[in-house]
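My notebook for today: I want to see what packs against what in this chain.

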Amino acid sequence: MIIDLTGTTSSEIASALLKARRNAGSPAMGMVGTIVVVVDEASHHDAMKAANEAGREHPSRVLVAILRPGRGAPGLDAEVRVGEGIPGEAVLLRLHGELAKVPESVITPLLLPDSPVIVWWPGGGPKVPADDPLGKLGRRRVTDAAATRRASVDFSARAEGYEPGDTDFAWSRLTPWRALMAAALDQYPTKVSAAEVVSAKGNPSADLMAAWLQCRLGVPVEQKNSRGPGVTAVRMFTPAGPIALTRPDGAVATFSIPGQPDRPVALKRRTTSELLSEELRRLDPDDVYARTLECLVKREAMPEDVKKVGAVQRKTAAERASAAAKKATVASTPVQETAAKKSFARKATAKKSAGTSAAAGAAKKAVAKKTAAKKTAAVKKSPARKTAAKKGTGKRVAGRS
């Protein structure tokens, strides 16, 4: 049943809801809470659909507020929906003019009594949800940083103005990731030296994941970009090897633990209605989210080189030992080569000296031999000269005679 009300009031809307329940044959209300959705005209259909789907698990009264501030006359148009596949009640409210600046005056009379109120901003939400006029009505205040362009700035403001009950869909999307990584350390308790988060560029969930790991483990966490979709991998580096959860297609992930075979894990990207249903299951303050916001602000102030993971931290203990042994071998090699070169030089010098000595000895022997030969030749020539001299003397004497 759909009831259109133009130029109406909150009391008329409440009467229309009561009349619609009676006509449907269910005067008693079986709803557990009120979901207030603050959205624009372009995306109100998807937001209402997600809230109604979440209402199948948690039947609620859904109040969708479309704010149209301007200079026109204040006015309120409403569309009441009961039945038609809706598990609870849905009211679409269009607030015009000055009335759009005080939406709490219209929403408050339509809240279910004695039941929790959840305020949801699908388009991102205010920087400090607890200071918003509608946010003050909610027990839980749900934003979505993925719908904004400057998620880091929003997180910084929300960390400063955090109040119990604040949460964000960027954090809700990490619930299965955080559960699996925590379970891995329960199954394989070991020391983590560093971590790594890989995601599409500008993904706010990756920022929160890196801050959560750094806050809980106290190790450097590096962020890398991929083609997505969303977060594609989370790795924790340990002495035995990385503990990794890799999801390249947005549907099925591979869970890797050192010493165990890889396991496929169903890890599909959840819809908006599933995220909202998760927030409706827990209405108590999320203290872990609050601490993670503080860590995210501190992480943003750190130098980039502090958030880098070195090659040594990525290696296993065996790889580091092998690299150290190789380095020691390389370091000792020049000393050995120098000693070998010196030994070779000494041998070459000794050999050269020996060769020089031998050559000198041979030269001396040759000179001595040559000298002896000259002396021998001189001795042989002497008697012959004497004989010739005697003969010549005899002839001269004979001539004179």
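Predicted model: local features only at pLDDT ≥ 70, side-chain atom pairs only at ≥ 80, totals over all residues.

Next I checked the largest nonpolar core, which has 37 residues. Val-197 turned up again: along with Phe-155, Leu-208, Met-209, Leu-213 and Leu-245, it touches the most other members. I noted the elements that give two or more residues to this core, among them strand E9 (194-200), strand E11 (231-238) and helix H9 (287-300). Which element gives the largest share of this core? I found that H7 does, with seven residues. There is also a second, separate core of 26 residues, and its members include Val-38, Ala-65, Ala-100 and Leu-134.

H7 made me curious, and I looked at how it meets H6. The axes of helix H6 (residues 175-187) and helix H7 (residues 204-217) come within 12 Å and cross at roughly 30°. Angles under 35 degrees count as roughly parallel, so I wrote down H6 and H7 as roughly parallel to each other. The crossing of H6 past H7 is right-handed.

Who makes the contact? On the H6 side I listed Trp-177, Arg-178, Met-181 and Leu-185, and on the H7 side Met-209, Trp-212 and Leu-217. A reminder to myself: in soluble globular proteins, nonpolar side chains tend to be buried together.

Methods: Residues numbered from 1 in each chain as written. Heavy atoms only, no water. Axes fitted to C-alpha atoms, helices over the stretch in contact; angles between N-to-C directions. Helix = DSSP H or I, 4+ residues; strand = E, 2+ residues; numbered from the N terminus. Parallel < 35°, antiparallel > 145°, perpendicular 65-115°, else oblique. Left-handed = near helix turned anticlockwise from the far one by under 90°. Contact = heavy atoms within 4.5 Å. Core = buried A, V, L, I, M, F, W, Y, C linked by side-chain atoms within 4.5 Å. Buried < 20%, exposed > 50% of the residue type's maximum accessible area, 1.4 Å probe, protein only.
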